[in-house]
Structures are given as structure tokens and as C-alpha cells.
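The following explanation is intended for a reader who meets this structure for the first time. Please keep the sequence and the model in view while reading.

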Amino acid sequence: MEVEVKLRLPDSNFHQKLSTILSPFHTTTLIQENIFFDTTISKLSSNFAALRLRFYNLDSYCILSLKAKPIMSDGISRVEEQEEPVDPRIGRMCVAEPSQLLGSLESSKIIQRVRREYGVGESEGLVCLGGFRNVRQVFDWKGLKLELDETIYDFGTSYEIECESKEPEKDKRLIEGLLKDNGIEFSYSEANKFAVFRSGKLP
């Protein structure tokens, strides 16, 4: 179970202001490309699951993930998550030919689970849904790993600060204090990035 604090920033000005404030704590910046897959009759998304390939920093590495049963409440996200590394070259092949997910990655525990739990097989196969880019700045602040996201969809750009947490209520208060003390407006995220992507509009 992945548990995260997710707070949405209203625009690029507040995103840039927070980036500047946190700059002494910056550890890395990740350029992410997120590509999603489902069957033609939406067997995964209709069961609140998302199958994703994420490419990092111009294909330096790639992660296959399955997220399921997301719950978002008061700025805290809880979701079942399973991840596996994938050779970026195989990942790109799967984007070009989604059927390769069931073939080239047949030994993957995630693909085996997709077949078993969601009944995905060669008969209907998988299709590529497209996706979005994300620029993630990572900061080590007061023992927390803060992730400041600029997410670029075809229909607009959104801004968010996230933090994976074992004590989400406590950490949310800390992050809210940081934002309030510096005059940064925010609201609780009401949907995850995949849900925003599928809706076709910014929240």
C-alpha cells in the first residue's frame, strides 16, 4: 500500500515560489514520461486499476507498475502498488506494440496478475491509452522526501506537491505549515494523475 500526502498548487507562480523556497534542500530532478494501457473494453480502469510504463530521464531506466483500488481523502492518497524494473528498450517496444506486454513480459509478476485478476488475455489484448509528462523536483526537507510536480497533459499543466508517508496526518500538517508560512495557496488533491488524464480536463 502506497500512502501519500497530495496537495495541489493553483498555478505556475506558486509552483516556482515553492521551488525557490525549497532549493537549498534539492536532491534531484526527474523527467518522467507516463504511458498507460488497458483493454479495448477497459477491464482495468473499470476495476479501478491502472497499468503504467514510466520512463525516466530520456529512457535511462523504466518501471512497470500496477496501481489498484485508489482512495483519496482530505489530501491523503492510498493505493495498492506493485512495481518492476523493465529494460527501456523493451518498454518502448511495448508502447509501439502493446501486445508485447503480454508476450515479451510474460514472466512479469505484474503481467501475470493482470491476466489472473483482471482476465486480460491475447483475445482482447492491451491497447495504449497515451499518457503525460511530469517534471519532478525532489527535496529532502525535515526528514521528508518532498516531490514537487509539474505535470504536462495535452489539455493543460497542473502543479502538485507530494510526499510518501507512514504518518500522513502528521506529515500533512508539516507541509501545510510550510505552505501557509510562505503564503503559498493550496488545496487538497481530489484525483490522482491518471484520473485527471482520463477525464481530459484539469481539476
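The paragraphs below treat the nonpolar cores, the salt bridges, the cavity and the pocket in turn.

The model is predicted: local features need pLDDT of at least 70, and side-chain atom pairs count only at pLDDT 80 or more, while totals for chains, interfaces and linings use all residues. Residues are numbered from 1 along each chain as its sequence is written, and side-chain values use heavy atoms, with hydrogens and water left out.

In soluble globular proteins, nonpolar side chains tend to be buried together. A nonpolar core is here a set of buried Ala, Val, Leu, Ile, Met, Phe, Trp, Tyr and Cys residues joined through side-chain atoms within 4.5 Å; buried means under 20% relative accessible area, exposed over 50%, and partly exposed in between, with a 1.4 Å probe and protein chains only. The largest nonpolar core has 22 residues, and Leu51, Leu53, Leu64 and Leu101 have the most contacts inside it. Two or more residues of this core come from each of strand E2 (26-38), strand E3 (49-56), strand E4 (61-73), helix H3 (100-103) and helix H4 (109-118). These elements are DSSP runs numbered from the N terminus, helices being H or I of at least four residues and strands E of at least two. Apart from this core lies another, of 18 residues, which includes Leu148, Cys163, Ile175 and Leu178. Leucine 53 touches, among others, Ile35, Phe37, Ile63, Leu64, Val86 and Leu101, not counting residues up to four places away in sequence; contact means heavy atoms within 4.5 Å.

Side chains of opposite charge can pair when their charged atoms come close. The structure holds 18 salt bridges, each a side-chain nitrogen of Lys or Arg within 4 Å of a carboxyl oxygen of Asp or Glu. In one of them, glutamate 2 meets lysine 67 at 3.2 Å, N to O. This pair links distant parts of the chain, since glutamate 2 is in strand E1 (residues 2-9) and lysine 67 in strand E4, 65 residues apart. Glutamate 2 counts as buried, at 7% relative accessibility.

Another salt bridge joins glutamate 147 and arginine 136, whose closest N and O atoms are 3.5 Å apart. Glutamate 147 is buried at 11% relative accessibility, and arginine 136 is buried at 8%. Lysine 172 and glutamate 169 also form a salt bridge (3.9 Å, N to O). Because these two are three residues apart in helix H5 (residues 168-181), about one helical turn separates them. Lysine 172 is buried, at 6% relative accessibility, whereas glutamate 169 is partly exposed, at 43%. Salt bridges that share partners join Glu4, Lys6, Arg136, Glu147, Asp149, Glu160, Glu162 and Lys193 into one network.

On a 1 Å grid over the protein atoms alone, a cavity is a set of points where a 1.4 Å probe fits but cannot get out, and a pocket is an open set with protein on both sides within 12 Å along at least five of seven lines; lining residues have an atom within 4 Å of a point. Grid points are joined across faces, edges and corners, and a volume is the space filled by probe spheres set on the points. The whole structure has one cavity of 30 Å³ or more. The largest cavity holds about 100 Å³ of space, and its lining includes Arg8, Tyr153, Glu160 and Lys193.

The largest pocket holds about 810 Å³ of space. Of its 38 lining residues, Glu2, Glu4, Arg52, Lys67 and Glu81 are the closest to its centre.
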